[in-house]
Amino acid sequence: MNESHSSTNCETCSAPHGLFEFSKRISRWFETNAAGFAPLLLRLLIAYEFLEAGLEKVSGENWFADLTFPFPFNLLPPDLSWGLSMGLEIIAPIALILGLATRFFSFALIILTIVAIAVVHWPAEWHTVAQLWQGYAITDQGYGNYKLPLMYLFMLTSLLFSGSGRLSLDAWLMLRTR
């Protein structure tokens with residue numbers, strides 16, 4: 001390779017060669033030094049949101065009796081449903097913060113979130129995609145309001161697929177059991 005080529009554009013791409021090398025170095029640095037922070041930050045954010053919901057239930061009144069749950073959740077008495085959801089919304093965030101059984105608790109919270117979307121956040125009535133789309137909002141104007149729980153669902157699915165990351169008890173326990 002001649003010296004003049006290194007300062008010009010790469011033949012296979014339009015980006016300057018130096019920019020490509022810089023990008024590779026930055027990516028390598030993040031992979032080596034900071035990759036564990038992405039799942040940690042995701043775990044902390046989702047843990048805060050669910051812990052807040054669980055603590056509201058502790059001091060709140062059970063409003064599950066006014067809802068119609070899908071099968072098989074409709075087989076449970078409202079008081080038991082309330083207690084189970086409250087318990088999961090308190091225990092799972094603590095586990096997520098620690099990075100303990102992250103995939104298990106992510107899956108459990110995914111089920112809880114799907115039920116919450118179906119029962120509380122999905123529009124009661126819609127006949128067109130445009131009407132359904134009105135529910136993709138964070139508002140108290142009706143229409144369903146499923147945007148935030150849908151974002152939680154995607155965050156939890158990411159944790160389910162990727163796991164807790166390097167900065168977790170899961171990773172520490174995995175190293176200890178080898």
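The lining of the largest pocket is made up of 22 nonpolar, 6 polar and 6 charged residues. In this division Ala, Val, Leu, Ile, Met, Phe, Trp, Tyr, Cys and Pro count as nonpolar, Asp, Glu, Lys and Arg as charged, and the others, Gly among them, as polar. The structure is a predicted model, in which local features need pLDDT of at least 70 and side-chain atom pairs count only at pLDDT 80 or more, while totals for chains, interfaces and linings use all residues. Residues are numbered from 1 along each chain as its sequence is written, and side-chain values use heavy atoms, with hydrogens and water left out.

The chain contains 8 helices and 0 strands; helices (H or I, at least four residues) and strands (E, at least two) are DSSP runs, numbered from the N terminus. The average pLDDT, the predictor's confidence in each residue from 0 to 100, is 86 for the chain, and 90% of the residues score at least 70. Where pLDDT is low, the predicted coordinates should not be read in detail. Of the 178 residues in the chain, 29% are buried, where buried means under 20% relative accessible area, exposed over 50%, and partly exposed in between (1.4 Å probe, protein chains only). Among contacts (heavy atoms within 4.5 Å) with a separation of 6 or more, 64% join residues 24 or more positions apart.

The largest pocket holds about 890 Å³ of space. It is lined by 34 residues, and those closest to its centre are Lys57, Phe64, Glu89, Leu112 and Ala116. A pocket is defined on a 1 Å grid over the protein atoms alone, as an open set of points where a 1.4 Å probe fits, with protein on both sides within 12 Å along at least five of seven lines; lining residues have an atom within 4 Å of a point. Grid points are joined across faces, edges and corners, and the volume is the space filled by probe spheres set on the points. At least two lining residues come from each of helix 3 (37–59), helix 4 (78–98), helix 5 (102–121) and helix 7 (147–162). The largest contribution is that of helix 5, with 8 residues.

Helix 3 has 23 residues and spans 33 Å from its first C-alpha to its last, close to the expected 33 Å; the expected span is 1.5 Å times one less than the number of residues. The buried residues of helix 3 are Pro39, Leu40, Leu42, Arg43, Ile46, Ala47, Phe50, Gly54 and Lys57. Their cover includes helix 4, helix 5 and helix 7. Helix 7, with 16 residues, reaches 23 Å between its end C-alpha atoms, close to the 22 Å expected. Pro149, Tyr152, Leu153, Met155, Leu156 and Leu159 are buried in helix 7, and the buried residues of this helix pack against helix 3 and helix 5. An α-helix has 3.6 residues a turn, so residues three or four places apart point the same way. Glycine 163, which follows helix 7, has a positive phi near 85 degrees.

Isoleucine 117 belongs to helix 5 and is buried, with a relative accessible area of 11%. Leaving out residues up to four places away in sequence, isoleucine 117 touches Trp122, Tyr146, Pro149, Leu150 and Leu153. Its C-alpha lies 8.7 Å from that of asparagine 145, which is 28 residues apart from it along the chain.

Several features fall in loops. Most residues other than glycine have a negative phi, and most peptide bonds are trans. Alanine 101, in the loop between helix 4 and helix 5, has a positive phi near 55 degrees and is partly exposed at 28% relative accessibility. The loop between helix 3 and helix 4 contains proline 72, which is joined to phenylalanine 71 by a cis peptide bond with omega about 5 degrees. Threonine 68 is found in the loop between helix 3 and helix 4 and is exposed, with a relative accessible area of 71%.
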